[in-house]
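Here is a short briefing for a first look. Keep the sequence and the model side by side as you read.

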Amino acid sequence: MTTADIDLIAIRRHLHTNPELSMIEYQTQAYLKEIVLSWESPWLTIREIPAIPTALLVRLTGSNPKRTVGYRTDIDALPIKEETQLPYASQNDGVMHACGHDIHMTVALGVLAHFAENQPTDNMVFLFQPAEEEQAGGKQLYELGTFVDEWRPDEFYALHDQPAMPAGQIATRQGTLFAGTTEIHLTIKGHGGHAAFPHQAQDVIVAAASFVMAIQTIVSRNVDPVRGGVITIGKLQAGTIGNVIPNEAQLAGTIRAFQQADLEMMQQRVREIAQSLATMYGVTFDLELNQGGYWPVNNDQKTTAAFMTFMANDEDVDFAISQPAMTGEDFGYLINQIPGTMFWLGVGNAEHGLHDSQLAPDEGAIAPGVHAMIKFLNWRMEQ
């Protein structure tokens, strides 16, 4: 078996056709496991986690190990109805690999296949991780004690596809690559009534509108403009008809920042504003802020320097230094515990971005991604 013997395009299309949501990726895990076991590599061991049964870990024993190198890919999809009209479009109605995790898995399998046939110098651990899109699968696995003893990498690597970049291009940066995120869930309860008699009601819609406007001052007046941040409310539901003041309003949104300290400060300011507005309008604010495991993706200085040096000097690699993005990723939690590097892999579909129902990544990105990572990891193991 060689990497050339594996039909990575067919694998990617199977994965794309059969997407599954976070923590129910049972068929995906079984398919990945079937492929890995078919290689019958003598230095390969697989491990499953009973508490998170859709997770899959693969360990390769090195020939002369001085470290354990980790590689992580996410495996879940999004609750989006696909509208690409591709012949291999999702057959799971309302579920789609709209964030490119099918590309992520395929690249990981290509890299793993090479080292399953060509024994690596160092030990390697590949993590096929559930629930990146929600529930922070990486954090859950870490807190279960998954990465201990021979299963703990000394350094971790992972990619994220990027439609805005040319297919096959690789990009990263020192420091923060992606933002940390916090979900906002708010329920405002008051006493409804007739629209003609607002003085007899506690108007939750006015309170909700005031909250949305007030929190817009947090970034502009509390966050260093050089570092930046985002607070967005993407959902506001209240009422059923125009002449009735409702009893309840529900809001949902996100807080994002490049520094964990900024994220925590922004969370606190949201709480303070909610408390003051509840008093002002005489309503009840039930506020839930959930960061989970979505910490900023802060690339480790040492591993990232090595990665960038190699990629920039390899004439076969189209490499660029990227700007930070407000994208969220639970790999940020893992590399806060274990040093590591995340990078972009361009998939050349700028018209339709991530989480778009018409996202159709260029499959020509897969082979360059696989070959670049194989070369880098071999080089890294010689250091």
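**A loop residue to start from**

Thr121 counts as partly exposed because its relative accessibility is 30%; buried means under 20% relative accessible area, exposed over 50%, and partly exposed in between (1.4 Å probe, protein chains only). The model is predicted: local features need pLDDT of at least 70, side-chain atom pairs count only at pLDDT 80 or more, and totals for chains, interfaces and linings use all residues. Residues are numbered from 1 along each chain as its sequence is written, and side-chain values use heavy atoms, with hydrogens and water left out.

**Around Thr121**

- Thr121 sits in the loop between α3 and β4 (123-129). Helices (H or I, at least four residues) and strands (E, at least two) are DSSP runs, numbered from the N terminus.
- Leaving aside neighbours within four places in sequence, Thr121 is in contact (heavy atoms within 4.5 Å) with Gly62, Ser63, Asn64, Pro65 and Met381.
- Thr121 and Ala252 are 131 residues apart in sequence and 48 Å apart in space, C-alpha to C-alpha.

**Helix α3**

- Helix α3 (residues 101-117) has 17 residues, which should span 24 Å at 1.5 Å a residue; its end C-alpha atoms are 24 Å apart, which agrees. The expected span is 1.5 Å times one less than the number of residues.
- The rest of the structure largely encloses α3, because 16 of its 17 residues are buried.
- Leu8, Ile11, Arg12, Leu15 and His16 in α1 meet α3 residues Asp102, Ile103, Met105, Thr106, Leu109 and Gly110.

**Nonpolar cores**

- The largest nonpolar core has 51 residues. Such a core is a set of buried Ala, Val, Leu, Ile, Met, Phe, Trp, Tyr and Cys residues joined through side-chain atoms within 4.5 Å.
- The largest share of this core, 10 residues, comes from α3.
- Trp39, Phe128, Met311, Met373 and Leu377 have the most contacts inside this core.
- Beyond its neighbours within four places in sequence, Met311 is in contact with Ile170, Val317, Phe319, Ala372, Met373 and Phe376.
- Another core, of 27 residues, lies apart from it; Leu186, Val204, Val212 and Leu251 are among them.

**Positive phi in loops**

- Ala136 is in the loop between β4 and α4 (137-143). Its phi is near 50 degrees, a positive value in a residue other than glycine. Ala136 is buried, with a relative accessible area of 4%.
- Asp149 is in the loop between α4 and β5 (155-162). Asp149 is not a glycine, yet has a positive phi of about 55 degrees. Asp149 is exposed, at a relative accessible area of 68%.
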